Structures are given as structure tokens and as C-alpha cells.
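Please keep the sequence and the structure in view while reading.

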Amino acid sequence: MRRTVFDADHDAFRETVRAFFEKEVVPDFPQWEKQGRVPRSFYRRVGDLGVLGMAVPEEYGGGGQPSYKFSAVLTEESMRAELGLGAMRVHMDIVLPYFLHYATDEQKRRWLPGIASGELMTAIAMTEPDTGSDLAGIATSAVLNGDEYVVNGTKTFITGGVNADLVLVVARTSPPAPDNRRAGLSLIVVEADRPGFAVGGNLEKIGIKAQDTAQLSFSDVRVPVGNLLGEPDMAFQHLTHNLPQERLSIAVGSVAAARAAMDAAVRYVKERKAFGKPISAFQNTRFVLAECATEIEAGQMLVDRALDDHDRGELTAVDAAKVKLFCTELQGRVVDKCLQLHGGYGYMAEYPISRLYTDARVTRIYGGTSEIMKTIISKSLGL
Ligand SMILES: Cc1cc2nc3c(=O)[nH]c(=O)nc-3n(C[C@H](O)[C@H](O)[C@H](O)COP(=O)(O)OP(=O)(O)OC[C@H]3O[C@@H](n4cnc5c(N)ncnc54)[C@H](O)[C@@H]3O)c2cc1C
């Protein structure tokens, strides 16, 4: 089905990004996967190209582009080229909106130019070793002491945490209210060069290998009160405001990755032979790929509708949960079927489908698990 969600400007941007990825990223990406991180020079490069700061207002060195669709194009193209650039997506799609919505003018002047140029890379630290889905259980504390917050605690699974210069930390600043466990959390920006802040290494994962993922520790880290982002004790409300874009971003990537898997399978089954004919000649192969194509089409239409709704400011938390749930589960099914069509070669690291398979698994977990999405959706049904 013809997509109607993009215009000529998006198409031109897509061409530019596609050429950039193919020429400047694809050749180096296997090395980045081995190193477990994207080099800082890449972020400076995409900063120079104006990509990182597309959504940053022009007065702070950005492109002043309010439409999220350009970022969606970037995600689609990275998936098309089989490049997992999750830390960049966290920086642009997830962390930046907090700075755009909640930073004061002084904070914007301090941080936005660096965020746009790639000089200041960001990460968001919610999850802790003992709490993930249940954010109200966050134990990291930020205690006000004069004109400073003193931060203590440990965060884990933090995307971009190794490379980050600024970490947006969700910390407890007040005890939970008796009727609301989620009250009393705040968003505090911690610079990575503050004494007491430490990166506990790059965690080893089964997939998305070029995406640095860190455990971070905070031992009496002192930051000025001017590093509080938004209202004190209101982090949960701020997080809720930004979650639709985070979940939409994951869904955009999931459908694009499913499409990349299908394309890889279509290429493979035409080449590989069994019983004297190409695998593509078997009815099962054709039916499986027809199912994949249909699922991807359905997911794409849902994503596209959500992109339009989001640009109009109408994408609700419940809608975003439905889109994430549907598209990430779809990705899991499609990638699994496409790997199966590769036979044993699908299990070999040298075939892209094996990476698409291991990379896919996490989308049903991060950004809120499928079960949490179902919890949100079922609440909207009055359950
Ligand atoms: C690669 C990767 C990158 C990540 N990046 C970041 C990041 O940048 N920043 C960050 O803060 N976090 C990040 N995370 C953390 C991620 O958001 C959490 O892992 C996720 O929210 C789940 O939390 P958990 O791992 O503690 O699982 P748990 O909350 O312990 O859940 C375990 C299981 O119980 C289920 N469960 C929990 N509660 C319920 C319930 N109420 N009803 C039914 N089932 C339930 C879950 O769905 C899951 O299946 C990342 C994780 C990974 C793996």
C-alpha cells in the first residue's frame, strides 16, 4: 500500500541519509559491533550534518524542525541498512524531548547547542538493578543540601551510558505519597565528569552489539540545583508526557527491521536450492513470506497513522502502547519466520538475519515490556 505519511522533503532527507549510511557507516559497523560502541566521531559527524539537532530550535544551533517524521525516516533507514544505532535514537527521540519541554532558558543555552552538535551525548537512567517496570520502586536518591543535590544509587541497562556526557537521572527527591507511590521522583541532569559518577563497564548483550549499555553508579555526586529538569517531585508526570514518542520510535524501528528481515529472506530463498529447486519454489516459503508481507503492511499502516497523530499532538499513551505492542510482537514473529527460511545459515553470525533475530528480542522488553503495554491498554478498557 502506498504510504501517504511523508512528503517530498522527507523523501529527499531519506535519500541523503541512505547514501550517508551506505557510504560512511555500513563499512565500519562490524568494527563498532566488536567494540561494543559507536565512536564519538560518528556523533560529531551526524551533529555536523545537522541530523542530531533537527528538532532543536534554531537559536540553540538546531534545525528547528518540529515534525517527528524526519527522525522516523532516520530510524527506518538505519534499520534498512541493518544498523542498530539505538544510542543515537535514545539521544534524539527519548532524551532530547525532556530538554525541549522542561529546560529553562538558561538550561537550554547551557546544553542544547552541545546536544545538537554531538559534543554532549545523552542517556536516560530510570532502571535500577532492583526495579525496572515498577518505576515507583526507584531507590536512587537526590537529597537537597544547600544549593546542591547529592545523588546516590545505581542504574543499570542504560543505553548510551558509556559514551554519555549528560545522564538524565530519575531519582527520589521526596518520600512517596501515601496514596501515590510514584510521587516524589525528579529528573536530575548529571554530567559524566562529576566526582562520584562511575560507569561500571559496557554490559555484554546477545544483540544490538554496537549499542553501549552501561551500569552507572552515583556515590555522593554533587550537582547544582540548576541541574533539576522540570518540576521537583514530578518526574513521573514528565516521563508519562514523553512516553508516546519513545514507544512510537521503537515501533517505527520494529516494522522497518521486520521489513529488512523479509527482504533478506526473499533474497536468500531465491538463491538457496533444495531438492533440485530454489527454496522460493516451495509453497510453504511463498505462504510464509506472504504472511510476513501482510503483517508488515498492517504494522506499517498503524505506525503511519501514529506518526500523523503524533505530529498533531494527538498520540495518546494508550495508543502508543497499542502501537508498540503490536509492532514489536510482529517483528518477533516475522524475524523468526525469516530466520527459519534460512535453515542452518540463519543461525550463523555471518548472515544478517541472525543479527536481525538477536537484535529484535529486546524491543518487547525495553521502553516498557509487552506485559506493561497490555496493562496500560487494559486499564483503558476500565479493567
Ligand atoms: C538493551 C536494553 C537497553 C535498555 N535501555 C535503557 C535505558 O536507556 N534507560 C533505562 O532506564 N532503562 C533501559 N532499559 C531497561 C528496560 O526498560 C527494562 O529492562 C524494562 O523496563 C523491564 O524492566 P526489568 O528488566 O526490571 O524487568 P522486570 O520489571 O523485573 O520484569 C520481569 C518480567 O515481569 C513482567 N512484569 C513486571 N511487572 C508486571 C506486571 N505488573 N504485570 C505483568 N507482568 C509484569 C515483565 O513484563 C517481565 O516479563 C534497557 C534494557 C535493555 C535490555
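## The annotated spans

How far apart do the end C-alpha atoms of residues 8–119 lie, and what percentage of the span is helix and what percentage strand? The end C-alpha atoms are 31 Å apart, and the span is 68% helix and 0% strand. Helices (H or I, at least four residues) and strands (E, at least two) are DSSP runs numbered from the N terminus. The model is predicted: local features need pLDDT of at least 70, side-chain atom pairs count only at pLDDT 80 or more, and totals for chains, interfaces and linings use all residues. Residues are numbered from 1 along each chain as its sequence is written, and side-chain values use heavy atoms, with hydrogens and water left out.

UniProt, in an unreviewed entry, lists residues 8–119 as "domain: Acyl-CoA dehydrogenase/oxidase N-terminal". Residues 123–221 are listed there, also as an unreviewed entry, as "domain: Acyl-CoA oxidase/dehydrogenase middle"; this span is 0% helix and 49% strand, with its end C-alpha atoms 17 Å apart. For residues 240–381, the unreviewed UniProt feature is "domain: Acyl-CoA dehydrogenase/oxidase C-terminal", and the chain there is 75% helix and 3% strand, with 19 Å between the end C-alpha atoms. UniProt positions follow the numbering used here, feature names are shortened, and annotations may be inferred rather than shown by experiment.

## Helix H4 and its surroundings

Helix H4 covers residues 69–80, 12 residues in total, and reaches 16 Å from its first C-alpha to its last, close to the 16 Å expected at 1.5 Å a residue. That expected span is 1.5 Å times one less than the number of residues. Because 11 of the 12 residues of H4 are buried, the helix is largely enclosed by the rest of the structure. Buried means under 20% relative accessible area, exposed over 50%, and partly exposed in between (1.4 Å probe, protein chains only).

The buried residues, among them Phe70, Val73 and Leu74, pack against helices H1 (8–25), H5 (86–102), H7 (235–271) and H8 (283–311). Just after H4, Glu82 takes a positive phi of about 60°.

Met88 lies in helix H5 and is buried, with a relative accessible area of 1%. Leaving aside neighbours within four places in sequence, Met88 is in contact (heavy atoms within 4.5 Å) with Phe42, Tyr43, Val46, Leu52 and Leu74.

Phe42 and Tyr43 also belong to one aromatic cluster with Phe20, Phe21, Phe29 and Trp32. Rings of Phe, Tyr and Trp (its six-membered ring) pair if their centres lie within 6.5 Å; planes under 30 degrees apart count as stacked, over 60 as edge-to-face and the rest as tilted. By this rule the count comes to 11 aromatic pairs. The rings of Phe20 and Phe21 have centres 5.8 Å apart and planes at 40°, so this pair is tilted. Phe20 counts as buried at 11% relative accessibility, and Phe21 at 1%.

## Asp359 in helix H10

Which residues of H10 are buried? They are Ile353, Ser354, Leu356, Asp359 and Ala360, and they pack against H7 and helix H9 (317–341).

Asp359, in helix H10 (residues 352–360), is buried yet has no salt bridge; the nearest side chain of opposite charge, Arg355, is 4.5 Å away. A salt bridge requires a side-chain nitrogen of Lys or Arg within 4 Å of a carboxyl oxygen of Asp or Glu. For charge, Lys and Arg count as positive and Asp and Glu as negative, while His and the chain ends are not counted. Not counting residues up to four places away in sequence, Asp359 touches Gly207 and Ile208.
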